[in-house]
Amino acid sequence: MAPWSHLPDDAMPTPVPPPESTPAASEPSPRGLALIRSEADLAALPASERIRYRLVGADCRFHANDNISEFVRPGETEELKAEVAAKMQEVLRSLVIDTDSDHNTQETAKRVAKMFVDEVFRGRYQPMPSVTEFPNVSRLNELMIVGPISVRSACSHHMCPILGRIWIGVLPNEHSNLIGLSKYSRIVDWIMTRPQIQEEAVTMLANVLQERVKPDGLAIVMEADHFCMQWRGVKDLDSAMTNSVMRGAFLKDPHLRREFLSLLSKKTA
Ligand SMILES: [Zn+2]
C-alpha cells in the first residue's frame, strides 16, 4: 500500500507529523507519482522519497555518481542520515551481528550513515564548491600542470575505496578563466566523493573544468588503487588503474601531449 493512500481525496492539508513518526514512513513507495496530490502528501514521505519524487518530476538522472544537491532541501541530509542508519542497522541484523551486546558495533549503523552522507559520498548532496575565476590578464598560454592531487573515492560496484592521484594539464588562451590552484583540489574532491567509476569520474572532471576554465587544451591523468581488486575478488595487491582524458590541443598536438606526460613521469619518479 502506498504510504499516502490513507489520506482522504479531498483532505484539507492537515498538519502532518514528521516522517519518522508516521507509521507508513518506512514502507517503500512505488515510482508511480500520480498519487501524490499535495505538499502535505509529500511531507509525509521519508526524505529520500521526497527527493526522489522531485528528481523524477524534473526528469533528472540520479545515478550513484550524479550530484543531486539541487533537489535536497535544508535539513534533509539529517533526515537521510537517520534513514540510512535505520537501514544499516537492519543490514547488521541480517549479518547476524549482536549489536546489543557487542560494544564495538552498537553505534556502527549511525557511524556508517554519517560517513556516507557527510563524508565519502558528500559530493552527491552538496553543491559545487564556489570557485572564483580570474580573467587571464597576463595572457598566459603555457602548459600548466596541477598535481598530484589526492583522490579518495569509492567504486559504485562494490562501494570499496578507490585511492589515487590525479594530474591536470591546462593550456590556457587569452579568453580562458584562471582558477586558484586549491580550487582544482576542491573540484576533484567534489567529483570523487561519490560512488564512482574511474573512467566516468575523469570525464565528469574534464567537463566541469572545460566549462569553468575554457582552455585551448585540457589533459587529465588519474592513477588509482581499487580496493575491490585488493580486498576482495582477485586480491591483486599491485593492481592500479590509470586512465586519461585529452581534449583540444592535447588531442591535436602530440608534442604537447608528450610534454605533459613526460613532466608527470618526472613527478611520479
Ligand atoms: Zn568495485
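**Metal site, sheet and core**

A: Cys155 and Cys228 are both buried. Here, buried means under 20% relative accessible area, exposed means over 50%, and partly exposed lies in between, with a 1.4 Å probe and protein chains only. Please note that this is a predicted model, in which local features need pLDDT of at least 70 and side-chain atom pairs count only at pLDDT 80 or more, while totals for chains, interfaces and linings use all residues. Residues are numbered from 1 along each chain as its sequence is written, and side-chain values use heavy atoms, with hydrogens and water left out.

Q: Which residues are the protein donors of the zinc ion?

A: They are Cys155 through SG, His158 through ND1 and Cys228 through SG, at 2.2 to 2.3 Å from the zinc ion. The spacing of these donor residues in sequence is C-x2-H-x69-C. Cys155 in strand 2 (residues 144-155) and Cys228 in helix 8 (residues 227-230) are 73 residues apart, and the pair links distant parts of the chain. Helices (H or I, at least four residues) and strands (E, at least two) are DSSP runs numbered from the N terminus. Donors are N, O and S atoms within 2.8 Å of the metal (3.2 Å for Na, K and Ca), and sites may look incomplete because water is not among the atoms.

Q: How many disulfides does a search of the whole structure find?

A: The search finds 0 disulfides, a disulfide being a pair of cysteine sulfur atoms within 2.5 Å.

Q: Why does Cys155 count as buried, and why is Cys60 put in another class?

A: Cys155 counts as buried because its relative accessibility is 4%. Cys60 counts as partly exposed because its value is 29%.

Q: Moving to the sheet: in what order do the strands lie?

A: Five strands form an open sheet in the order 5-2-3-6-7, with mixed pairing. The edge strands are strand 5 (195-196) and strand 7, each of which pairs on one side only. Two strands pair if DSSP finds at least two bridges between them.

Q: How many bridges join strand 6 to strand 7, and how many join strand 3 to strand 6?

A: Strand 6 and strand 7 (residues 240-248) run antiparallel and are joined by 9 bridges. Strand 3 (residues 161-171) and strand 6 also run antiparallel, with 10 bridges between them. As for individual positions, Leu171 has Gly217 in strand 6 as its bridge partner, Ala219 has Met246 in strand 7, and Asp225 stands opposite Ala240 in strand 7.

Q: Is strand 6 mostly covered or mostly uncovered?

A: Strand 6 (residues 217-226) is mostly covered, with 8 of its 10 residues buried.

Q: What about the core: which residues touch the most other members?

A: In the largest nonpolar core, which has 31 residues, these are Ile168, Tyr184, Leu205 and Leu209. Strand 2, strand 3, helix 6 (181-192), helix 7 (198-213) and strand 6 each give two or more residues to this core. Helix 7 gives the most, with 8 residues. A nonpolar core is a set of buried Ala, Val, Leu, Ile, Met, Phe, Trp, Tyr and Cys residues joined through side-chain atoms within 4.5 Å.

Q: How many aromatic pairs are there?

A: The whole structure holds 2 aromatic pairs. Phe116 and Phe121 are stacked, at 4.9 Å centre to centre with 25° between the planes. Phe250 and Phe260 are edge-to-face, at 5.6 Å centre to centre with 70° between the planes. Rings of Phe, Tyr and Trp (its six-membered ring) pair if their centres lie within 6.5 Å; planes under 30 degrees apart count as stacked, over 60 as edge-to-face and the rest as tilted.

Q: Are Phe250 and Phe260 buried or exposed?

A: Both Phe250 and Phe260 are buried.

Q: Which charged end sits over the ring of Trp190?

A: That of Arg194, 4.5 Å from the ring centre. The criterion is that NZ of Lys or CZ of Arg lies within 6 Å of the ring centre and within 35 degrees of the ring normal.

Q: Finally, the backbone: which residues does the cis peptide bond join?

A: It joins Gly147 and Pro148, with omega about 0°, and Pro148 is found in strand 2.

Q: Where does Met159 lie?

A: Met159 lies in the loop between strand 2 and strand 3, and counts as partly exposed because its relative accessibility is 43%. Asp59 is in the loop between helix 2 (47-57) and helix 3 (76-94), and counts as exposed because its relative accessibility is 72%.
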